[in-house]
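Here are my notes on the model you asked me to look over. Have the structure open while you read them.

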2 protein chains.
Amino acid sequence: MIDTLGYAATSADAPLAPFSFTRREPGPTDVRIDIMYCGVCHSDLHTARSEWPGTVYPCVPGHEIIGRVAATGTKAKGFKVGDVVGVGCMVDSCQQCASCADGLEQYCERGMTGTYNSPDKHTNGVTYGGYSKDIVVDQKFVLRISDKLDPAAAAPLLCAGITTWSPLRHWKVGKGSKVGVVGLGGLGHMAIKLAHALGAHVVLFTTSPSKKADALALGADEVVISKDADAMTARANTLDYIINTVAAPHNLDPFIAILKRDGVMTLVGAPAEPHPSPNVFGLIMGRRSVTGSLIGGIAETQEMLDFCAEHGITSEVEVIPMQKIDEAYERMLKSDVKYRFVIDMKSLSKSA
Amino acid sequence: MIDTLGYAATSADAPLAPFSFTRREPGPTDVRIDIMYCGVCHSDLHTARSEWPGTVYPCVPGHEIIGRVAATGTKAKGFKVGDVVGVGCMVDSCQQCASCADGLEQYCERGMTGTYNSPDKHTNGVTYGGYSKDIVVDQKFVLRISDKLDPAAAAPLLCAGITTWSPLRHWKVGKGSKVGVVGLGGLGHMAIKLAHALGAHVVLFTTSPSKKADALALGADEVVISKDADAMTARANTLDYIINTVAAPHNLDPFIAILKRDGVMTLVGAPAEPHPSPNVFGLIMGRRSVTGSLIGGIAETQEMLDFCAEHGITSEVEVIPMQKIDEAYERMLKSDVKYRFVIDMKSLSKSA
């Protein structure tokens, strides 16, 4: 076993603290990665604080991982020591069901193995995530990161990036598409960048007039203040597709009304309390759909990373030391981050 | 003008009663139809009783019309006197917008003209529907009815039939599809027949165990009692598609959970009070969609009618005289009809 160090939550209300644990020795198909950066996702906070059911303590969060290959198993031919690589929200899946066969491991019918807080078939414990010095992952779940990408700013691509990329591609957003993005946060800012780079006309919807300049700078063509009922009504039947990144409960009907016939709105945020129930007439009058989407498969994550390298796309990030994680969580709760915190793992050695 | 006779509601709480009015003389592209039968749709009741906003009195309901051509305009070359024809929920649309160009007049961007209670551009009043001796309709909105079809039993195809056919076809239900039908009423019984004839494996969901034998006889392969939580859970991730015909508010989550990855549930009933809000996790975990659908376009209505003639499909009907319409409404409210009332318009002359 490999002794390592991470930061863990030990209970729902304790601050995160240094935590010594072990990683498995790399098996034949494994890759051992020295973690350089790890992005901070809202899921980390929800899990660390038991806001979702099922947290096992100690819990080491983190699933937006960028690192350097430190060792490879004998059959892990896809990688070599020194490569910059990424690990996202999954580290395993059954590899046998229809979803795995379709490259959509996130929908694995036997349940994919999350990068943290999932049953770990190697240890019989739970998986520990990227708030740590290193990680050992089967090569199938390791992504190649182009040296054109800044590694710190690339980290959030592994969750915020793929979570927006996957539905944009699935619903065929491209040149000529008119696309709405609801909410300008970690996911929303990636959705703007990606939809813009795919050639779409992008309309950002936000409740905050102060975000307008940022949205335009990120690639939005228009910004609509979604509290302005007249502005919303004026846009009825104008968009082909909407990606809604807002997890707080809100009225979906004004957005549904903005879709053209056969338009689709994908929800990528799951509210703790339900949204007000959408009016069925809004769906019927225009054959509109409301759908959901969960992160993305490994093949499409690699496709997204390569697209980002080609188009010079990364996340807007604020790099923090590991020791500031609780402060970062508090600031995330106030949306006080532009637009993603990323932990510099070099800072971790100071906690040892 | 042509003097005619119908049955009209004169207020929200008055029984329907004989009503004398006029139809326009057929213009060059019009067809004058002697109405033989008219199906009774829930929409008729909602409109007659002002349960939906906007009823203009007197109101002559009826949009499942079968009749015989009595006269044709000089340019109405598609029809000749004596032909058996149908008229459904629409009698006009702009014919210029993208939806009309796509043969989806029901989604006309300028608003289609409903067969009753819609602004009538010929009279500047409102349209009067099929509870009447005759009707004059532009040939574009007149359907051909095969002589293989029983005319009384074919009437409900014009609304209940096309409302289920259109989404089944749009979502590509066919051989090998596993399809759920929620609710066994006027729409549900047509959905079973059509999905079965399209080659799908059909699972009917009902709250009423007493409907099981009927559902199987109509073409369902399986019947699930939707109140049985264990039976519902056992079917998680098994269906490609669900058509939900129930307009009463109900929990959608157990049905969403029964869809496979990328499965779609179409709502064709709009509840007066909203459904409980669906759990977004159910949509996200499997990229499932909830969508709506409104009747169908003229071309696909003709396609459905031809398919029904080829496969010997009609509605199960109970034929009533016009004078029994209020009693029929009361029985509909108790679901006491197998499965659609159809008015025999010969009875109307007795009211003159």
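1. Helices here are DSSP runs of H or I with at least four residues, strands are E runs of at least two, and both are numbered from the N terminus. Bear in mind that this is a predicted model, where local features need pLDDT of at least 70 and side-chain atom pairs pLDDT 80 or more, while totals for chains, interfaces and linings use all residues. Residues count from 1 along each chain as its sequence is written, chains are lettered from A and ligands numbered from 1 in the order written, and side-chain values use heavy atoms, leaving out hydrogens and water.

2. How much of α4 (residues 160-170) of chain A is buried? Nine of its eleven residues are, so the rest of the structure largely encloses this helix. (Buried is under 20% relative accessible area, exposed over 50%, partly exposed in between, with a 1.4 Å probe and protein chains only.) Among the buried ones are A:Ile162, A:Trp165 and A:Leu168. Their cover includes β10 (178-182), α5 (186-197) and α10 (298-311) of chain A.

3. Over in chain B, the axes of α4 (residues 160-170) and α10 (residues 298-311) come within 10 Å and cross at roughly 100°. That makes α4(B) roughly perpendicular to α10(B), a label for angles of 65 to 115 degrees. The axes are lines fitted to C-alpha atoms over the stretch in contact, with angles from 0 to 180 degrees between N-to-C directions.

4. Who meets whom there? On the α4(B) side the residues include B:Trp165 and B:Arg169, and on the α10(B) side B:Glu300 and B:Phe307. Contact means heavy atoms within 4.5 Å.

5. B:Ser93 sits in the loop between β6 (90-92) and α2 (98-101) of chain B. With 4% relative accessibility, B:Ser93 counts as buried. Beyond its neighbours within four places in sequence, the contacts of B:Ser93 include B:Cys100, B:Cys108 and B:Phe141. B:Tyr107 is 14 residues away from B:Ser93 in sequence and 9.1 Å away in space, C-alpha to C-alpha.

6. Finally, the two copies. A rotation of 180° with 0.0 Å of shift along its axis puts chain A on chain B, RMSD 0.0 Å, using least squares on C-alpha atoms of residues with pLDDT of at least 70 in both. The copies are thus related as by a two-fold rotation axis. In chain A, A:Ser277 comes closest to that axis, at 2.0 Å (C-alpha).

Notes:
Angles under 35 degrees count as roughly parallel, over 145 as roughly antiparallel, 65 to 115 as roughly perpendicular and the rest as oblique.
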